[in-house]
Amino acid sequence: MKKLIYLFLAFPLFMGAQDLYWYDVMLEIPRETRESAETLIKDYYSNIDIPLDVNLSFSRIPLKGENVEATHMLSMFSTSAKSLANFRGSLSGEKWNIYTSGMQGLANVTSSMAGNVLVGMNYDKAGPLGQVWIFKVHAKDTGKFVEAFAKLMKTFKPTGLIANGQFTHGNSDGESMFVYGTSKDLTEAFSTGPTNKKEADAFQTFFNEISFAEFSQSQTRVLIKQF
């Protein structure tokens, strides 16, 4: 918990202050091996050294599109690209080999991806339920998307963390940008959105300004354990 609080204090609490780098591993875990796989993952990552400026979360993905095979995800993130890369590179050795050997037959890695957050707010209000909206955006329009999102955030006041960023590695089929928001529970997640005319107008302006972007998919993740 102390490390989590420290990392939130290190995060930017205002728009565009600092990048946040992330690396996700998407896992498909069959129902019949779910308990064993979840236990093994929690045991392994609970018993290794994780740097103070790196955080790692393990989540289920209960809501997703029909073509998404992943049922779980491991997400590593840090305000330091070097720290994140060094931590990812440290996952080796005898303990790692025992862990990966034990995971054989319990889970399959469906994909891995990495990227960074470009603008965000409310990092100190991150909730255990997160939803990501993924878009296909041409590289030349990335700046326009970020500007439109930052403009929306001047009017829309979400209750949880919200961020806009890009995929830099492992993206597919033109998916290049995302908006990610968290909620404290499913009730709050279901009611996310504009709450008055001013916010509704701001959303309409946002959609008009990102008309060049193609919405691809959304997923909802539920936190199992924060390491």
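Okay, quick word on naming: helices (H or I, at least four residues) and strands (E, at least two) are DSSP runs, numbered from the N terminus. This is a predicted model, where local features need pLDDT of at least 70 and side-chain atom pairs count only at pLDDT 80 or more, while totals for chains, interfaces and linings use all residues. Residues are numbered from 1 along each chain as its sequence is written, and side-chain values use heavy atoms, with hydrogens and water left out.

So, the second largest pocket. A pocket here is an open set of points on a 1 Å grid over the protein atoms alone, where a 1.4 Å probe fits, with protein on both sides within 12 Å along at least five of seven lines; lining residues have an atom within 4 Å of a point. This one holds about 550 Å³, the volume being the space filled by probe spheres set on the points, which are joined across faces, edges and corners. It has 31 lining residues, and W133, F156, T192, G193 and F203 sit closest to its centre. Which element gives the most to that lining? That's β5, with five residues; β5 spans 129–136.

Now the cores. A nonpolar core is a set of buried (under 20% relative accessible area, 1.4 Å probe, protein chains only) Ala, Val, Leu, Ile, Met, Phe, Trp, Tyr and Cys residues joined through side-chain atoms within 4.5 Å. The largest has 25 residues, with I41, Y45 and L74 touching the most other members. Helix α2 gives the most to this core, four residues. Apart from it there's another core, of 20 residues, including L118 and M177.

Notes
Buried < 20%, exposed > 50% of the residue type's maximum accessible area, 1.4 Å probe, protein only.
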